[in-house]
Amino acid sequence: MQQWLRSSKFLLIFLPVWLLISSWIRPLSVPDEGRYGDISRAMLESGDWLIPRLNGLPFMHKPPLLHWLSTALMEVFGVHIWVLRLVPTLAACMMLISLFVFLKKHVSEQIAQLTIIILATSLLFYGSSEYINHDLLVASWMTVCILSFVDFSLSGKKTVLFLGYFAAAAGFLSKGLIGVLIPGLVLLPWLICTQQWKKIPALLNPFGILLFLVLTAPWVYFVQLKYPQFLHYFFIDQQFSRFSSNAFNNKQPWFFYYLILFVSFLPWLFVSRFQFSKRIFQTSLSSSLLALCLWWFISVSIFFSIPPSKLAGYILPAVAPIAILLAVAVCSALENPDKNKLQIWGTALFIFVLGLAITLAPHFIKNAHAFYQAHAIQIYSIGAILCIVPFCLMLLFKQKKIDYLTAIFLSLILLCTSISAAVRVLDTKNNADQIDFAKSMNPNSDVVFYYNYFYDLPFLLDLKKPVYIVNDWDSVKTDTSSLELKDGLLFEPGRKQYLWNKQQLQDMLKQNQPVVVVSNPGGYKPDHPNVKVLHYRNYDVFFINQTS
């Protein structure tokens, strides 16, 4: 490795700074970033840190740690997208640093360095590090929890055991029972399989358990005190039912996560030459740690592959053991001076294919021709850079001007950063470039969303009160954005004032009050004499009874 890649200090500074800077590139993505970003903004403005709220309605799908952290950061730095993204970025850094510290202590500094390089430049981890939702936050706490308990089983230091219990509590407050269940699923069978079952009583430290309860129980208690139906909704409907039921969206085949992980780590699989013999792993990892990594990956990937509903971020708890195993394989491959063609050109070819896909993507984006033309230069530039630069770096390696790992490292840093830039110009669903109508709004106007909830608009417009949402609410029963809003009425039925039907909208218009109606393109046809309409890519905006 080049001298600067051998420097742990460099990696532990460069990787977090790079993740932080690259997180500023994109606008909010919908629905997740718009949803969770605005929940945090609402918590900041209301001062109510107990109940997460979406459009004024209780949103009890997830615990509040993401919003507590985001709100605290916004208190310090203000309401900005980059501030919201600090939470997933800091969660990513926490996973990288915890892995580095653990591996340096129990394996070697070189494996620790390679592990954080591989993990930081894997596509799933990188993308999640700048995506505002609960997935990377809970995965990072799970990783800290598992590593802490393993460290205690190896070293016997109680300080790290209490860190494990703290991480378990934070995992619970990030996404519920899964934050505790997954570490247990990994650790208990591993302890038994490696004949360390006698250490289990020491791991179940009563003061550690007390610390966990002190950190988690107050929020659950006070919410249950406020809403008697909370425990059933949170634990049964949103935890157990979501795992076992076929009634939720995002149905994917059983192999979905294996495909996601394969593509995400494919460049490093090329570097490793796909050599994963037992002998290679045993040269760097003890039998106990090898068993941990294998069981960690197998148990987590099988667990999350069982439910029909699957999202890419759910599998993030499995990326740490993959990175460790790949680091061992890559370390072995780097020791071999002879590189085969796939090892040399595989990563460059992979990036070339992605660059070509970015270049051609606009031609397949439906109804986005004008949007594509406005960004054609940026799109072609990103595509050209990805198609050309990695091959140039490999040629420099062939000419012995840079070493092999440096060429791979720079290629993947370029790839990840370019993908953020590409998403910025290819994401036609975000609305950051479509809010110039705000300057035409009457400050006293009520805002109405017609048959769709535009997740990022309340945040982008900095709306100070909930919008009214028109829908056929009696027929809303399936897992949709409408249902997650309607579910808020289970806790506060009085908030039904914000969920309208068509007649309530008509009654409002008859009062000659200033109203702004936002609908899907062509979705609303007003029958009103005093209407001004603006047409945007993702919606039409109707100004009704506005005065200048």
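Strands are DSSP runs of E with at least two residues, and helices are runs of H or I with at least four residues, both numbered from the N terminus. Two strands pair if DSSP finds at least two bridges between them.

The model is predicted: local features need pLDDT of at least 70, side-chain atom pairs count only at pLDDT 80 or more, and totals for chains, interfaces and linings use all residues. Residues are numbered from 1 along each chain as its sequence is written, and side-chain values use heavy atoms, with hydrogens and water left out.

**Exercise 1. The sheet**

Task: Find the strand order of the open sheet, then describe how β8 pairs.

Solution:
- Step 1. The open sheet holds six strands in the order β5-β4-β3-β6-β8-β7, and its pairing is mixed.
- Step 2. β5 (499-500) and β7 (531-535) are the edge strands, each pairing on one side only.
- Step 3. β8 (residues 540-544) runs antiparallel to β6 (residues 515-519), and five bridges join the two. Ile 544 in β8 stands opposite Val 515.
- Step 4. β8 also pairs with β7 in the antiparallel sense, over five bridges. Here Asp 540 of β8 is the bridge partner of His 535.
- Step 5. Four residues lie between β7 and β8, and the two strands form a hairpin.

**Exercise 2. The contact of domain 1 and domain 2**

Task: Describe the interface of domain 1 and domain 2 by area, polar pairs and contributing elements.

Solution:
- Step 1. The domain assignment of the protein chain gives domain 1 (3-181 + 191-251), domain 2 (341-426) and domain 3 (436-544); such bounds come from an automatic or database assignment.
- Step 2. The centres of domain 1 and domain 2, taken over C-alpha atoms, are 31 Å apart. Domain 1 gives 15 residues to the contact and domain 2 gives 16 residues, where contact means heavy atoms within 4.5 Å.
- Step 3. Between them the two domains bury about 1,400 Å², with 81% of it on carbon and sulfur atoms. Buried area is the accessible area (1.4 Å probe) that two parts lose on being put together, summed over both.
- Step 4. Ile 25, Thr 121 and Leu 123 supply 36% of the area that domain 1 buries against domain 2, more than any other three residues.
- Step 5. The number of salt bridges between domain 1 and domain 2 is zero; the rule asks for a side-chain nitrogen of Lys or Arg within 4 Å of a carboxyl oxygen of Asp or Glu.
- Step 6. Five residue pairs, both at pLDDT 80 or more, are in polar contact across this interface. A polar contact is a pair of N or O atoms within 3.5 Å; within protein, one must be able to donate a hydrogen and the other to accept it, and residues adjacent in sequence count only if both atoms are side-chain atoms.
- Step 7. On the domain 1 side, α1 (8-22), α6 (109-120) and α7 (123-128) give two or more residues each. The largest share, four residues, comes from α1.
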